[in-house]
Amino acid sequence: MSCWETIADYSLRSIGIGARLLPKEDFTLCQQFTLIGSGMLWNIYFGVLALISGFFFATALAVGKAAKNPLFRKPAEWFIFLFRGSPLFIQFFFAYFLFLSLKQVAPIFAPFTAAWLGALVVLFFNTAAYSGEIFYGALLSIPKGDTEAADAYGLSGWHRFRRVVFPTMMRLAWPAYTNEAIFLFHATTLVYFTGFPAWKQKGDALYYASYFADKTFNPFIPYPILAGYFIILTLIIVSIFGMINRRLNRHLPTERRSKIRFRPNIIR
């Protein structure tokens, strides 16, 4: 089988398109690159949806935590504390058993016991909590002169938040939020180790990397391939977020513009 035939058969296997059976012997580099790359589709799916949906929830959490009313402040504080104070890996297991219990009560929760939805919900809550704390810190760091200028122009309520508070908060939080986005995509590899089953047994990138490592007894080929894919993904994220960062800071002099620096978390 040529490499092009391998790509045609296995490039979309992780989403149920192409060959149903995995290769059993005589593994080639093309097969490993193709299947691990196919699994990356799931990692991108988890990361993109959790990041986009978590962004809006994180903004609400930041505003809620900064609110004077305890009815808004306390739930936001406890939510952020709960998901930042416990390991993501443990959150996956607790969520899986919770969804299993709810499934027995109401069948509507059945889809949540699968990785495509259940694991996505956990990643959504987790990144929303971390991002919410980042946005909250940026919200407290907004220069007082900006809000005073908004008051002088007669802006209040939603207009004040949309035109002054929110853009300044994003500008201050964006470098740290970029690191959170990178770590979120890296954290999608934990889905493989959790109890959430893959959709129709079509796994993510780590699933295929582990398959080849087990079959060949040589982890020094599939795992570096997996790392290479994530390095490329990280470069793409840094580039996209860097363009957004320049857009957010376009009105500032060059020497005052904040720069994105990748500072990975050792543990979470």
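Reader: Which residues is Phe-92 in contact with, leaving aside its neighbours within four places in sequence?

Author: Contact means heavy atoms within 4.5 Å. By that rule, Phe-92 touches Ala-119, Val-122, Leu-123, Leu-190, Val-191, Thr-194 and Phe-196. This is a predicted model, where local features need pLDDT of at least 70, side-chain atom pairs count only at pLDDT 80 or more, and totals for chains, interfaces and linings use all residues. Residues are numbered from 1 along each chain as its sequence is written, and side-chain values use heavy atoms, with hydrogens and water left out.

Reader: How many residues are in the largest nonpolar core?

Author: In soluble globular proteins, nonpolar side chains tend to be buried together. A nonpolar core is a set of buried (under 20% relative accessible area, 1.4 Å probe, protein chains only) Ala, Val, Leu, Ile, Met, Phe, Trp, Tyr and Cys residues joined through side-chain atoms within 4.5 Å. Here the largest has 57 residues, and Phe-92 is among those touching the most other members, as are Phe-46 and Leu-226. Helix H7 (157-187) gives the largest share, 13 residues. Another core, of 7 residues including Leu-61 and Ala-76, lies apart from it.

Reader: At what angle do the axes of H1 and H2 cross?

Author: Two packed helices are described by the angle between their axes and the distance between the axes. Helices are DSSP runs (H or I, at least four residues), numbered from the N terminus; axes are lines fitted to C-alpha atoms over the stretch in contact, with angles from 0 to 180 degrees between N-to-C directions. H1 (residues 3-10) and H2 (residues 29-65) come within 9 Å and cross at roughly 25 degrees. That makes H1 roughly parallel to H2 (under 35 degrees).

Notes: Helices (H or I, at least four residues) and strands (E, at least two) are DSSP runs, numbered from the N terminus. Angles under 35 degrees count as roughly parallel, over 145 as roughly antiparallel, 65 to 115 as roughly perpendicular and the rest as oblique. Buried means under 20% relative accessible area, exposed over 50%, partly exposed in between (1.4 Å probe, protein chains only).
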